[in-house]
Amino acid sequence: MNYRITEVNDWVIVHPSGKAQNNEPLRVKYLFHRWLNQKGIRVIVDLKEISQFGVWEMGLLTSFKKELDQRAGILLLCSLSPCLRGYFQNDRFAEQFEIYRDLECAMEGERN
C-alpha cells in the first residue's frame with residue numbers, strides 16, 4: 001500500500017492507495033512513527049483511493065486505531081465508496097470508527 005501524508009490545520013491526513021500487504025500494520029508503525037509519538041494526534045484516513053478492502057486493510061485500520069487510542073488520539077475515516085460503506089455498516093467493526101462523507105466534513109466534524 002502507498003501512503004500520501006499531509007498536515008492541515010492540526011490534522012494529519014492520510015491518503016492510502018493500492019492494496020495492503022500482510023505486514024502492513026508493521027509498516028504503519030514505522031511510517032507513522034513521527035506522528036504516533038504525539039499525544040492527542042488527530043488523523044483522518046481518506047479512503048477514496050483504496051482499490052479493494054479486505055482482511056489486511058481492516059487489520060491496518062484497527063491497528064492504527066489502537067495506536068491512536070493509546071495516545072488519546074482521534075482517528076476519523078472519510079470518502080468511503082458505496083461498497084466500502086456497506087462493508088462497515090454490516091461489519092462488527094463499524095462501531096469502532098467515526099465515518100464522514102468527505103475530507104471537508106471530517107475536518108469540520110459534520111457527520112453523515
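Before the sheet, some terms: two strands pair if DSSP finds at least two bridges between them. Strands (E, at least two residues) and helices (H or I, at least four) are DSSP runs, numbered from the N terminus. This is a predicted model, in which local features need pLDDT of at least 70 and side-chain atom pairs count only at pLDDT 80 or more, while totals for chains, interfaces and linings use all residues. Residues are numbered from 1 along each chain as its sequence is written, and side-chain values use heavy atoms, with hydrogens and water left out.

Now the sheet. It is open, has 5 strands in the order β1-β2-β3-β4-β5, and its pairing is mixed. At the edges are β1 and β5 (98–100), each of which pairs on one side only. Neighbouring strands are turned against each other by 25 degrees on average, direction ignored.

Look at β3, residues 42–46. Of its 5 residues, 4 are buried, where buried means under 20% relative accessible area, exposed means over 50%, and partly exposed is in between (1.4 Å probe, protein chains only). Strand β2 (residues 11–17) runs parallel to β3 and is joined to β3 by 3 bridges. Here I13 stands opposite I44 in β3. Towards β4 (residues 74–78), β3 has 5 bridges, and these two strands also run parallel. There D46 stands opposite C78 in β4, and I44 stands opposite L76.

How does the chain get from β3 to β4? The path goes through α3, and this β-α-β crossover is right-handed. That term means that, with the strands pointing away from the viewer, the path from the first strand over the helix to the second runs clockwise. Helix α3 packs on the sheet, touching β1, β2, β3 and β4, and its direction makes about 150 degrees with that of β4. Axes are lines fitted to C-alpha atoms, for helices over the stretch in contact, and angles run from 0 to 180 degrees between N-to-C directions.

H15 is buried, at 8% relative accessibility. Neighbours within four places in sequence aside, its contacts (heavy atoms within 4.5 Å) include Y3, D46 and L103.

Next, the rings. Rings of Phe, Tyr and Trp (its six-membered ring) pair if their centres lie within 6.5 Å; planes under 30 degrees apart count as stacked, over 60 as edge-to-face and the rest as tilted. That gives 3 aromatic pairs. Y3 is buried at 18%, and F32 is buried at 2%.

F32 also pairs with F64: the centres are 5.0 Å apart and the planes at 40 degrees, so this pair is tilted. F64 sits in α3 (residues 55–70), 32 residues from F32. Ring pairs link Y3, F32, W35 and F64 into a cluster.

Last, the cysteines. How many disulfides does the structure hold? It holds 0, a disulfide being a pair of cysteine sulfur atoms within 2.5 Å. C78 is buried at 0% relative accessibility, and C105 is buried at 5%.
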